[in-house]
Amino acid sequence: MNDAGPSVRMSGLATRARAYPWYALGIILSLVVWEVVARVLGPFRLPPLTLVANQFFPLLTESKILRFQGGGEQGYTPHLLHTVGYTLTASGIGVVVGTAFGLAMARFPLLRAVTAVPVELLRTIPPLAAIPFILIWIGFGHSAQLLMVSYYVGVMMVVSTITAA
């Protein structure tokens, strides 16, 4: 039984809270370095952060180039929301399926004995190497996108669940 009281949990929280200013400093430093390097290289090699920010936010609501290419009148916002929605949906599928399968593998030794090696083999396949095969087998479209993300999330959840169980 773990007798770690609230003070131990709070000290972990306090440690993480003390790290946040360092994270913010790292982000600010990266942005400053970007701006300085952009001024040295010139706007054609690396556009300055100020120029990128000034052009990025209006593109969220309207883009002539996107409209010309058939991407709609609303800018990039609907496309970003669609991508985030698909990513969260596929991640949710991967979490549910991977956790359920990992718990089943942890609970039933015969299932674990039969599926442990294939799961470890699937885990070693780099995502970029699997993309062409998924596209050939399933085709281009939403189902391939969902499968790619949920597959990798699911495999990682299986491994994590077995380790934790």
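A: Let us start with arginine 67, which forms a salt bridge with glutamate 62, their closest N and O atoms being 3.1 Å apart. A salt bridge here is a side-chain nitrogen of Lys or Arg within 4 Å of a carboxyl oxygen of Asp or Glu. Please keep in mind that this is a predicted model, in which local features need pLDDT of at least 70 and side-chain atom pairs count only at pLDDT 80 or more, while totals for chains, interfaces and linings use all residues. Residues are numbered from 1 along each chain as its sequence is written, and side-chain values use heavy atoms, with hydrogens and water left out.

Q: OK, and what else does arginine 67 form a salt bridge with?
A: Arginine 67 also forms one with glutamate 73, where the closest N and O atoms are 3.1 Å apart, and in this way Glu62, Arg67 and Glu73 are linked in a network of salt bridges.

Q: Is glutamate 73 buried or exposed?
A: Glutamate 73 counts as exposed, at 51% relative accessibility, where buried means under 20% relative accessible area, exposed over 50% and partly exposed in between, using a 1.4 Å probe and protein chains only. Arginine 67 is partly exposed at 31%, and glutamate 62 is partly exposed at 45%.

Q: How many salt bridges does the count come to?
A: The count comes to four salt bridges, and one of them joins glutamate 35 to arginine 39, with the closest N and O atoms 2.7 Å apart.

Q: Where do glutamate 35 and arginine 39 lie?
A: Both lie in helix H1, residues 6-41, and they are four residues apart, about one turn of the helix. Helices here are DSSP runs (H or I, at least four residues), numbered from the N terminus. Glutamate 35 is buried, with a relative accessible area of 15%, whereas arginine 39 is exposed at 59%.

Q: Switching topic, at what angle do H4 and H5 cross?
A: The axes of H4 (residues 77-107) and H5 (residues 109-124) cross at roughly 125 degrees and come within 6 Å. Axes are lines fitted to C-alpha atoms, for helices over the stretch in contact, and angles run from 0 to 180 degrees between N-to-C directions.

Key
Helices (H or I, at least four residues) and strands (E, at least two) are DSSP runs, numbered from the N terminus.
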